[in-house]
Structure formats: C-alpha cells, structure tokens
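Here is my note on this model, point by point. Please keep the sequence and the 3D view open while you read.

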Amino acid sequence: MAVITRSWLPVVCLLLIMVSNSLSFYLPGIAPIDYSRGDQLEVKAVKMTSIKTQLPYEYYTLPFCKPTNLHFKPENLGEVLRGDRIVNTPYEVQMNMNKKCTVLCGPFDVTDEIVKRFIFRIEKEYYIHMIIDNLPAATKLYLMQSGETQYEHGFRLGGILDDQKVIVNNHLKMVLKYHTYDKFYFVIISAISYDINSVNVDGKSCSLKTEKPPGQEMKTGYTTKLMFTYEVEWQPSDVVWASRWDTYLAMSDVQIHWFSIINSVVIVLFLSGVIAMIMIRTLRSDIARYNKEDDYEEAIEETGWKLVHGDVFRPPQRPWLLTAFVGSGVQIFCMGLVTLVFAMLGMLSPASRGSLIQAIILVYVFMGVFAGYHAGRLYKTLKGLNWKKSTVVTAGLYPGFVSAICFFLNFFIWGKHSSGAVPFTTMIALLCLWMGISLPLVFLGYYFGYRKQPYEHPVRTNQIPRQVPEHMWYMNFIPSFLLSGILPFGAVFIELFFILSAIWENQFYYLFGFLFLVFVILAICVSQISIVVTYLNLVSEDYHWWWRSFFMSSSCSFYVFLYAVFYFVTKLKIVDFIPALLYFGYTVIMVFTFWLLTGTIGFYSTYFFIRHIYSAVKID
C-alpha cells in the first residue's frame, strides 16, 4: 500500500499545481491597454438576458439611444451561439474624468406597442449587459445579513413597484475604477449600476430628484415620453490589471465550492480504493486456484467466470451500432480532455468571450480521426463486414442527434425574434465543419483502423453458444442500472450544480482545474463500477457483457437527468412553455453527451480488464 501511495504522490502534486494555476487568467495575446487622462473609452452593449425566459435579445430591440453610426463587432462562433450581438452606444466616457448627470437622448414619444414590450421584459426581469475595455457591466449589491458586497451581472432594465407600477430605469450611473502605474491609467473594474430616481431636465443637463417616485413609469393608453440620462464617477483602486477579473469571478460562495469538491474527491477516492482492493484480492485468489492443476475441478465448482471463456468474446448483436456509440464517445472524450487542458492553462478564460464554445466545436471536429480509428478497429475485432455503413453511422450519430434537436428548438427561438437564434449563415458554417472536416476525418480514421490488425483475444470462441443460467434479481438489468450510477453521480453532482448555474443563471464558470480533477475521478469511478458489475455477471456465467458494460457505466447519466429536473423545479424561475422546452431540449443533449462519454470509458475499461484476466489463467 505504501508503494502505491508513493507512486501516486507526483500525480497528486501535479494535479494540485494545475488546480491552483487554473485560478489565474493570463490569456496569451491579450495585453493591458495604456490610457492617459481624457482618453475615450468605448461603451458597448452586448445583449439583454433573463433567467425566466432564457431568450436573449439585441440591445436595440428596445428604443434606447442610438449613436449616429451603428457598428456591430464581428463575433466569433462562440459569441454567435451565445446570442451576443455587440454594438456601440452613444455613452461618452473619458479616462479619469467624472461626468455629472447628463441627458443621453430624449424626451421622445413611445408607442403603446413599445410600452408593452418594455413592460413584458421588465416583468420577466431582463438584465442589460454592457462591456467597457472588455470588462462586463455589473451592479453592486450590499447583503444586509452578512454585510458583504457582491456584484450582479449586468443591470436591471426596470422594476415593479407595489406589484402594479412598472418602472424603467432610465438613469445609469457608471462607477469605474482605475489603477495608476508610470502615469498611465488602466481600467480594472467597470461596475455599471442604475439609479432609479427621477430627473429634471434643464437643457442638456439634468439633476436628480429623490422626492419623486423612482424611475419612469411605463403605462399603456397614455402618451409616454421616454428620456435616458447617465453620469460617470471614477475611483482609484489598488487592484492591478492582472487581477481585475477577480471581482466578477468571486460572485458565488467559493468557500462552499472548495469544501464540497474536496469532500466529494476524498469520498470517491476512498470508495474507489476499497473497490479496487476487493477486486484485486478476489481475482488473485481466483487466478491462483485456476492455475493450480490439482484443484482444477474444485475451482470450477466454486466460481464460474472461467466457465464462460469460450463465449466471453462472442461478438454482440448490432456491432455496427455499438462501435458507433463507442467511436462517438472517443471523440467526445478527446474533445473534453483537450478543452479542459487548454482551459486550465488560461487560454479559454472569460476574458476571451465565446472562446470556450468555439474551442469545443473546433476540437470536436478535428477529433473525428480518433473516433473513426477506434470504431474501425473495434468493428473489425467484432467481425463486422459492412464497414462503410458503420462509418456513416459513427460520423453522423452524435452530430445528427444534436443538430436535429437544435434545429427544432431554433424554430421557436426564431419565432420569438431572439438574438439566441442561430443565423442561417452560421448553420451553413457548422454544416461545412461537419461535412467538410469531421466526416472526412472519421472516414480516414475508420479506414486505417479497419485495416489494422484486430485486438487479440487470449481464448478462442466456441461455435455453439453456452446457455446462460438464471441469476439473482439484483443482477437483472434495471436493478444493476440503478445501482451502478450512484457512485459516479456522487463524484460530479456538486460540480454539476455550478455548471448549470453558469449556463442558466448567467454566471461565470472558471474553476477548470477542479473540473479536470472531477473528470479524472469520474473516469476512475465509471471504470471500476463497470468492471465490478461485469465481473459479477461473469461469475454468474452471464457472458453478454458488451452492451451491458456500456449501459452500466453510463447509468449515471440517468441521475444527471433527474438532477437537471430537480434543478429546474427548485432553482429556476421558468414558467413559460418555450423556455421550458429550451431547457429540457438542451438538457437532453447534455445527458446524451454524458451517456456516450461515460459508456465509452466503462466499455474500454471492461474490455481490457476481461482480456487481462482471461490471459492470466490456463485454458485447457
């Protein structure tokens, strides 16, 4: 045991170093911009979002003040899929120069249709998102109970007073902080907050009045004149440029996150170690008895996994479908591993907007060659003949499933005129990536994998299949399926909560070091659970392990789906049909991805385990 502990010590130290380094966000290619006093800072609008509808909208879908010339920033693939539509605004902000209450535009008349649009989005709690110097806008909040200060992403479009009066926040107060070094100014935090007091207009200037009702009321059936004002306040700060993202990334209770992750890792490692020790001791005693010629007959009577040596490598039904699942899982595994490594190195940090989604898509496309190779070699091992059909299924299974669901959901998003709808040109680009790069790479990998020698099996397969005896009820498919997924799900459910919060509650996810560690723990748990369940089935003389190993190891995806339903009911405020449809549509994609990933890990672990144990005994 001491030898095992020492051998794992360098690995553990390396993981801890990577986890600690994952908290830093230096992104190669991005450098601080030097500003002098009076330099112009461009304020850009990103979108409007709501956790109630999950439908983002462009900033100018409401009649906000527009500049003379609109300039939309060219978005990358990730930004387009996120629904970002970055555009310039008429706000004038100069470096380290305060600005008192200033009229941005108005007053101007607003039609009842526009008023209804304002009221709807305010009732759905929409937030406006802006950026200055690539830093997102945030609203400063004071927690009365704890006395702490937190920042809320974006700022509210408006609010409802006395459960009946709808108010639009027409005054914006920008509180910007800077750090000085060598007479240059660096923007470190752009905290944009709203001030919902009414304003008095005097020419092009304004003054705040606190004795009137806050904000500007939006009411149909009346002539509504809308006006927008803003002010700018600069404050010095000791925070350096390299740490300017810490304010945004510390919005959740990180301490609870740390303790939860460490607790989960310790429990899972302990249970995995116990399972591994049990399996090693049991298998060693079995193999020792089998290799002892004098006790050969007695050994056969005691245990039964050697009795099925002539059938254990019999090809399963529908090998083309199994290899397609496994090949897709290999592609997802390679994509996840490469993406996590780059994210841990800080190359996919929040500072590079949309880079994570774009990296996931591009890496997945180029990992098609590994999917084809492993699927092709496995298909030949299973004595498959129609390799072209299997190649097409492998290349189109996962992308086709995801594309069908997203295309279906996109119709509903289009119907709501949301910026989250994928443009037709982006669809064409994604189709070109699939048909022009991923599909040929899968065919190329499948060609070389099918030409390579199949995996060698240590025993021969009998011509006549052996009859499988009846076994205990808990060894049936459904009980085994439900029990197998509990431990792997216990390794990921804490991290799953933070991932779902980042996706559906517009939060930043940045602890990629922890995510990589959980990924490793998940792979270990899935592998050992699949091996244990398969071993128990072989002892019961049930040699149909090919599909069972895949389903048993992927059973934790069932609990992931149940947790997603629990999260929807308890945490989210979604009440409309289309947002609920979007949530469960994307959840099905996430669960199917997780199913393929864990099923592939468990399948390969079980396959190599069975080859190893049957090569260690003498077969007469």
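1. Start with threonine 381. This residue is buried, at 5% relative accessibility. Buried means under 20% relative accessible area, exposed means over 50%, and partly exposed lies in between (1.4 Å probe, protein chains only). Threonine 381 belongs to helix H9 (residues 368–381). Helices (H or I, at least four residues) and strands (E, at least two) are DSSP runs, numbered from the N terminus. Which residues does threonine 381 contact, leaving aside its neighbours within four places in sequence? They are Pro454, Tyr455, His457 and Tyr607. Contact means heavy atoms within 4.5 Å.

2. A word on the source. The model is predicted: local features need pLDDT of at least 70, side-chain atom pairs count only at pLDDT 80 or more, and totals for chains, interfaces and linings use all residues. Residues are numbered from 1 along each chain as its sequence is written, and side-chain values use heavy atoms, with hydrogens and water left out.

3. Now the whole chain. The protein chain has 17 helices and 16 strands. Of its 620 residues, 50% count as buried. Take the contacts in the protein chain with a separation of 6 or more: 80% of them join residues 24 or more positions apart.

4. Next, the core. The largest nonpolar core has 148 residues. Such a core is a set of buried Ala, Val, Leu, Ile, Met, Phe, Trp, Tyr and Cys residues joined through side-chain atoms within 4.5 Å. Phe64, Tyr91, Phe118, Met130 and Phe603 have the most contacts inside this core. Helix H17 (residues 577–615) gives the most to it, with 19 residues. In soluble globular proteins, nonpolar side chains tend to be buried together.

5. Helix H3 (residues 112–123) has 12 residues. From its first C-alpha to its last, H3 reaches 16 Å, close to the 16 Å expected at 1.5 Å a residue. The expected span is 1.5 Å times one less than the number of residues. Which residues of H3 are buried? They are Ile114, Val115, Phe118, Ile119, Arg121 and Ile122. What covers them includes strands E1 (40–49), E3 (99–110), E9 (158–161), E10 (165–168) and E16 (224–236). Glutamate 125 follows H3, and its phi is positive, near 60 degrees.

6. Strand E3 also holds proline 107. Is proline 107 buried or exposed? It is exposed, with a relative accessible area of 51%. Proline 107 still touches Lys225, Leu226 and Met227, not counting residues up to four places away in sequence. The C-alpha atoms of proline 107 and threonine 224 are separated by 9.2 Å, although these residues are 117 residues apart along the chain.

7. Check two phi values in loops. Asparagine 134 is not a glycine, yet has a positive phi of about 65 degrees. Its loop runs between strand E4 (127–132) and strand E5 (135–136). Asparagine 134 is partly exposed, at 27% relative accessibility. Histidine 417 has a positive phi too, near 55 degrees. Its loop runs between helix H10 (387–415) and helix H11 (424–451). Histidine 417 is exposed, at 64% relative accessibility. Most residues other than glycine have a negative phi.

8. Helix H7 (residues 319–344) has 26 residues and reaches 37 Å, close to the 38 Å expected. Why call H7 largely enclosed by the rest of the structure? Because 20 of its 26 residues are buried. Glycine 346 follows H7, with a positive phi near 85 degrees.

9. H7 meets helix H14 (residues 512–539), and their axes come within 9 Å and cross at roughly 145 degrees. Axes are lines fitted to C-alpha atoms, for helices over the stretch in contact, and angles run from 0 to 180 degrees between N-to-C directions. Phe333, Leu337, Leu340, Ala343 and Met344 in H7 meet Phe512, Gly513, Leu515, Phe516 and Phe519 in H14. By class, this contact has 9 nonpolar, 1 polar and no charged residues. Ala, Val, Leu, Ile, Met, Phe, Trp, Tyr, Cys and Pro count as nonpolar, Asp, Glu, Lys and Arg as charged, and the others, Gly among them, as polar.

10. Last, helix H15 (residues 546–553). It is largely enclosed by the rest of the structure, because 7 of its 8 residues are buried. Among them are Trp546, Trp547 and Arg548. What covers the buried residues of H15 includes H7, H14 and H17.
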